Amino acid sequence: MTTAPISRYPVPDLNTLPEDLRTRILGVQEKAGFVPNVFLALAHRPDECRAFFDYHDALMLRPSGLTKGEKEMVVVATSGANGCLYCVVAHGAILRIYEKNPLIADQVAVNHRKADLSPRQKAMLDFALKVCLDSAAIGEDDYAALHAHGFSDEDIWDIGGITAFFGLSNRMANLIGMRPNDEFFLMGRQPRPPRA
């Protein structure tokens, strides 16, 4: 386990945070068994932290034509394109768990076209990467290609919204030097140890 700082900015003590943030973070800790560093690093600015996680939840938890695993595929593929270690590692762990596949996150982060994905999922990630890298070039052909795979216009919004939101997340993580928790690296690669 490392002892390197999780951010180049001050990380507040959990006990000094506003009650609503502390409650939210403790809830995540209870579920995950640890506090993901993103919560502590972004709590440096509580108002922005709240807005960030409210928007995250609005995108990632809403009912959608995308599965939870597909949403995480969008995060991992675009975070890989943006060179964001934190999001590739953390969301790669979530992707492995949702898909019950220890190989999928590495494949998606490096080259989704070579990954063990359906043609529909590859089309989704083609579009997400276009939003990520060249959104000004999006045209009707891009929508038609997704419609041909059964995506609705609302699903397409989800793909774009997740990509755009994590563009912010990736850039902030890189800006502040946010370090992934060591726990994320092995999650979904081996059976989960029993909880104490």
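1. A polar contact here is a pair of N or O atoms within 3.5 Å; within protein, one must be able to donate a hydrogen and the other to accept it, and residues adjacent in sequence count only if both atoms are side-chain atoms. A polar atom of the N181 side chain lies 2.9 Å from the backbone oxygen of V35. A polar atom of that side chain also lies 2.7 Å from the backbone nitrogen of N37.

2. A word on the basis of these values. The model is predicted: local features need pLDDT of at least 70, side-chain atom pairs count only at pLDDT 80 or more, and totals for chains, interfaces and linings use all residues. Residues are numbered from 1 along each chain as its sequence is written, and side-chain values use heavy atoms, with hydrogens and water left out.

3. Back to N181. The residue sits in the loop between helix 9 and helix 10 (182-186). Helices (H or I, at least four residues) and strands (E, at least two) are DSSP runs, numbered from the N terminus. N181 is buried, at 7% relative accessibility. The classes are: buried under 20% relative accessible area, exposed over 50%, partly exposed in between (1.4 Å probe, protein chains only). Not counting residues up to four places away in sequence, N181 touches F34, V35, P36, N37 and Y86. Contact means heavy atoms within 4.5 Å.

4. Next, the core. A nonpolar core is a set of buried Ala, Val, Leu, Ile, Met, Phe, Trp, Tyr and Cys residues joined through side-chain atoms within 4.5 Å. The largest one has 53 residues, and V38, Y86, V108, M124, L125 and I159 touch the most other members. At least two residues of this core come from each of helix 1, helix 2 (37-42), helix 3, helix 4 (68-81), helix 5 (85-99), helix 6 (104-111), helix 7 (119-134) and helix 9. Helix 9 gives the largest share, seven residues.

5. M124 deserves a look. Leaving aside neighbours within four places in sequence, M124 contacts L66, E70, M73, V74, L146, F151 and I159. I159 is itself among the core residues that touch the most other members.

6. Salt bridges number 11 in the whole structure. The criterion is a side-chain nitrogen of Lys or Arg within 4 Å of a carboxyl oxygen of Asp or Glu. One of them joins the side chains of R24 and D57, at 2.7 Å from N to O. R24 lies in helix 1 and D57 in helix 3 (residues 46-60), so this pair ties together parts that are 33 residues apart in sequence. R24 is partly exposed at 25% relative accessible area. D57 is partly exposed too, at 27%.

7. Helix 3 also holds R50 and D47, three residues apart and separated by about one helical turn. Their side chains meet in a salt bridge of 2.9 Å, N to O. D47 is exposed at 61% relative accessibility, while R50 is partly exposed at 22%. With D20, these two residues are linked in a network of salt bridges.

8. R45 and E48 form another salt bridge, with their closest N and O atoms 3.1 Å apart. R45 is partly exposed at 48% relative accessibility. E48 is partly exposed at 45%.

9. Now the surface. L168, M172 and L175 form a nonpolar patch with about 250 Å² of accessible area together. Patches are made of residues with over 30% relative accessible area and no salt bridge: like charges are joined within 9 Å, nonpolar side chains (Val, Leu, Ile, Met, Phe, Trp, Tyr) within 5 Å. Areas come from the Shrake-Rupley method with a 1.4 Å probe; for residues, only the protein chains shown count as cover. M172 belongs to helix 9 (residues 153-176). M172 is partly exposed, with a relative accessible area of 31%.

10. R8 falls in the segment before helix 1 (19-32) and is exposed at 66% relative accessibility.

11. One backbone angle to check. K100 has a phi near 50°, a positive value in a residue other than glycine. Most residues other than glycine have a negative phi. K100 lies in the loop between helix 5 and helix 6. K100 is exposed, at 71% relative accessibility.
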